[in-house]
Structures are given as C-alpha cells and as structure tokens.
Amino acid sequence: MTHTLPTLPWAIDALEPNYLASTMEFHYKKHHQAYVDKLNAALEGTGLEDLAIEELMTRVQEVADGKRQAVINNGGGHYNHTLFWNIMGPNAGGEPTGTVAEKINEAFGSFENFKVEFANAAATQFGSGWAWLTVNTDGSLNIEKSANQDNCLMNSDRKPIMVIDVWEHAYYLEHQNKRPSWIETFYKLINWSAVETNYQNATSGKTIIEVNAAAAA
Ligand code: MN3
C-alpha cells in the first residue's frame, strides 16, 4: 500500500475567511504531501508497508532504530493533518452536542471551561506541536498536547478525536506570531459533528478516521 494525500472533506477555499485558501494551498498541498512522500520512503524495508496509517501509528515502536524516527515524524505528520482536516469544516464552530458534549461537561465542568483549558494547552505547547482532545479506554476525555508530530496512538491506549495544529506554518499567514489569535479563530472551525463521529468510532473499536489510500499495486 502506498500512502496518498487524502481527499479533503470540503473545498480548499471552504473555510474562508477563517482559514485562507492561500494557507491551505501550502499547508495541505505542500506540507502534508511532503509528509506522505517521506513516509512512503521511510517505510521501505520495514515490513510495515501494508498497514493503514492509523494502525501504523500504534505500531511505530516496531520500526527498526534507524528508521523509527522518520516513520514517527512523517507518519505522524500524515495522520495528524488528516485528523485536523477531518474535524474542521465550513459553517462549523458553535458547541458540541451528543455524547461529546456530555463527556466534556463531565471532564471539564462546562464547554466554556473546556475552551479555556484547551486554549491553554495549545498556547503553552512550546515550539511546534499539537493540542488534542483524546479518549480514554473508559470513554472519558482528556486535553493533552504533543511536540513535533507525535500523537497518543504511538505511545498509549488513548485515542485522538480532535486536534489543533500549532506549528507556525498552520497560522502564520493570517496570524503571524500570534498563536492565541489562531486558537480563538479555530473555535469557529471545529466541526463538532465530525468529532462526535470520531468519539463513537474510537469508543467502539472502529477506525477513528477513514483515510483513503491507494490499493496495493
Ligand atoms: Mn501542519
């Protein structure tokens, strides 16, 4: 199987004015494509070439020493961006409903408090990385952050259902160095219906996000 750039769930300019097509042009077509290409190269000879990306994330520790970090960096880059596109959308934002809304209230007291804590995690991730909403095996939620392209599938039994990219390339054209401004805007872009689907998949043992990939030749 060759990993490929996933199809976006919306048109490349669909998130304007909150997320510019000019940012998407390089974030998706250049940055994300580069992770896909480097992942395919890094996987050669590892024996893990046939795994779908989500399963690969849970098995990165099996990669031999010389190639493991490249698979972590580029596989994480591919997976994390795919989830990021998945949980944003046009005409989105607002508040979660359904089980995710209940679980957010259980874990963080209220949606307003969740927003404060999530924004704090995203703002305090030092350097490049991500902030996440993740699910424990008992269905409860966590806010966490990770450096570089790491994610919780690589080193835990938690599962990611929502994420913000806080690498500067994710927001520099619109917000320059003002990461808190990007985080505030991101709340207008979260597709909570997609997050609910991810929660239901994550808690029922299904693949969290379906990622298109070329069939084996
Ligand atoms: Mn990025």
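Modeller: Helix 3 covers residues 65-86, which makes 22 residues. From its first C-alpha to its last it reaches 31 Å, close to the 32 Å expected at 1.5 Å a residue. Keep in mind that this is a predicted model. Helix 3 also has a bend of about 25°, placed at Val 71.

The manganese ion has four protein donors listed by atom: NE2 of His 27, NE2 of His 81, OD of Asp 165 and NE2 of His 169. Written along the chain, the donors follow the spacing H-x53-H-x83-D-x3-H. His 81 belongs to helix 3 and His 27 to helix 1 (residues 21-43), so this pair links distant parts of the chain, 54 residues apart. Are these two histidines buried or exposed? His 27 has 0% relative accessibility and therefore counts as buried. His 81 also counts as buried, because its relative accessibility is 0%. The cut-off for buried is under 20% relative accessible area.

Next, the aromatic residues. The structure holds 17 aromatic pairs. One of them joins Phe 84 and Trp 182: the ring centres are 6.3 Å apart and the planes stand at 80°, so the pair is edge-to-face. The cut-off behind that label is an angle over 60 degrees between the planes. Phe 84 lies in helix 3, whereas Trp 182 lies in helix 7 (residues 179-186), so the pair ties together parts that are 98 residues apart in sequence. Phe 84 is buried, with a relative accessible area of 0%, and Trp 182 is buried with a value of 0%.

A second pair can be described in the same terms. Phe 111 and Trp 192 have ring centres 5.7 Å apart and planes at 80°, so this pair is edge-to-face. Phe 111 is in helix 5 (residues 111-124) and Trp 192 is in helix 8 (residues 192-202), so parts 81 residues apart in sequence are tied together. Phe 111 is buried at a relative accessible area of 9%, and Trp 192 is buried at 5%.

Pro 96 lies in the loop between helix 3 and helix 4 (98-108). Leaving aside residues up to four places away in sequence, Pro 96 touches Ala 101, Ile 104, Phe 111 and Trp 192. Its relative accessibility is 9%, so Pro 96 counts as buried. Between the C-alpha atoms of Pro 96 and Arg 68 there are 37 Å, and the two residues are 28 apart along the chain.

Asn 198 is found in helix 8. What does Asn 198 touch, not counting residues up to four places away in sequence? The contacts of Asn 198 are Leu 83, Asn 86, Ile 87, Ile 161, Ile 208 and Ile 209. With 2% relative accessibility, Asn 198 counts as buried.

One further contact involves an aromatic ring. Lys 115 lies over the face of Tyr 187, at 5.1 Å from the ring centre.

How values were computed: Residues numbered from 1 in each chain as written. Predicted model: local features only at pLDDT ≥ 70, side-chain atom pairs only at ≥ 80, totals over all residues. Heavy atoms only, no water. Helix = DSSP H or I, 4+ residues; strand = E, 2+ residues; numbered from the N terminus. Expected span 1.5 Å × (residues − 1). Bend = angle between axes of the 7 residues up to and from the residue. Donors = N, O, S within 2.8 Å, 3.2 Å for Na, K, Ca; no water. Buried < 20%, exposed > 50% of the residue type's maximum accessible area, 1.4 Å probe, protein only. Phe/Tyr/Trp six-rings, centres within 6.5 Å; stacked < 30°, edge-to-face > 60°. Lys NZ or Arg CZ within 6 Å of the ring centre and 35° of its normal. Contact = heavy atoms within 4.5 Å.
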